[in-house]
Amino acid sequence: VNGRIGYKIMDTISYEATYGYRTVFAYMQEAEKGNIKDSALENTLAMPVSCGQFSYANISPSRILGVSGTLSALGEYENNVLSKYGVNTFIFVPSVYGESNFQ
């Protein structure tokens, strides 16, 4: 639609979703068929290069007491309670789901 390739995500069509090389080659194929203008192709064509991935389960920390997306929102009281029980080390890892859209 309008020089864009969309993917069905749940019950809607997303024009933001991409599937790596599959999306790149889909754009090229549609351009060859004349369904996408060269100007639209230039604006969207890129080869994504993965620079690495790892599973958080494979980093083998000595212990994990919990996983929370709200750890950075703890107040002074909550931090003091955790400190009282010897919890003083925190590791913040970005979400695999991207930034929150919650407002």
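Isoleucine 13 touches Gly6, Tyr7 and Lys8, leaving aside residues up to four places away in sequence. Start there when you look at this predicted model. Isoleucine 13 sits in strand β2. Is this residue buried, exposed or partly exposed? Isoleucine 13 is partly exposed, because its relative accessible area is 46%, and that label covers values between the 20% and 50% cut-offs.

Now step back to the whole chain. The chain holds three helices and two strands. Read from the N terminus, the order of the elements is β-β-α-α-α. The chain has 103 residues, and 13% of them are buried. Take the contacts between residues at least 6 apart in sequence. Of these, 24% join residues at least 24 apart.

Go back to the strands. Strand β1 covers residues 7-9, and β2 covers residues 12-14. Methionine 10 lies in the loop between them. Its backbone deserves a look. The phi angle of methionine 10 is near 55°, which is a positive value in a residue other than glycine. Methionine 10 also counts as exposed, because its relative accessible area is 74%, and exposed means over 50%.

Next comes helix α1. This helix runs over residues 21-32, so look for 12 residues there. From its first C-alpha to its last, α1 reaches 17 Å. That is close to the 16 Å expected at 1.5 Å a residue.

Which residues of α1 are buried? They are Thr23, Val24, Tyr27 and Ala31. What covers the buried residues of α1? The cover includes β1 and α2, the helix at residues 38-44.

Valine 24 is found in helix α1. Valine 24 counts as buried because its relative accessible area is 6%, and buried means under 20%. Now find threonine 44. Valine 24 and threonine 44 are 20 residues apart in sequence. In space, their C-alpha atoms are 8.2 Å apart.

Methionine 28 gives another view of the helix. Methionine 28 also has its place in α1. Methionine 28 is partly exposed, because its relative accessible area is 34%. Methionine 28 belongs to a nonpolar patch on the surface, together with Tyr21, Phe25 and Leu45. Together, the patch residues have about 370 Å² of accessible area.

Now look for charged partners. How many salt bridges are there? The count comes to one. Glutamate 30 forms a salt bridge with lysine 33. The closest N and O atoms of the pair are 3.6 Å apart. That distance counts because the salt bridge cut-off is within 4 Å. Glutamate 30 is partly exposed, because its relative accessible area is 22%. Lysine 33 has 54% relative accessibility, so lysine 33 counts as exposed.

Helix α1 is followed by glycine 34. The phi of glycine 34 is positive, near 90°.

Conventions: Residues numbered from 1 in each chain as written. Predicted model: local features only at pLDDT ≥ 70, side-chain atom pairs only at ≥ 80, totals over all residues. Heavy atoms only, no water. Helix = DSSP H or I, 4+ residues; strand = E, 2+ residues; numbered from the N terminus. Buried < 20%, exposed > 50% of the residue type's maximum accessible area, 1.4 Å probe, protein only. Expected span 1.5 Å × (residues − 1). Contact = heavy atoms within 4.5 Å. Patch = residues over 30% accessible without salt bridge, like charges linked within 9 Å, V, L, I, M, F, W, Y side chains within 5 Å. Areas by Shrake-Rupley, 256 points an atom, 1.4 Å probe, with all protein chains shown as cover. Salt bridge = Lys/Arg side-chain N within 4 Å of Asp/Glu carboxyl O.
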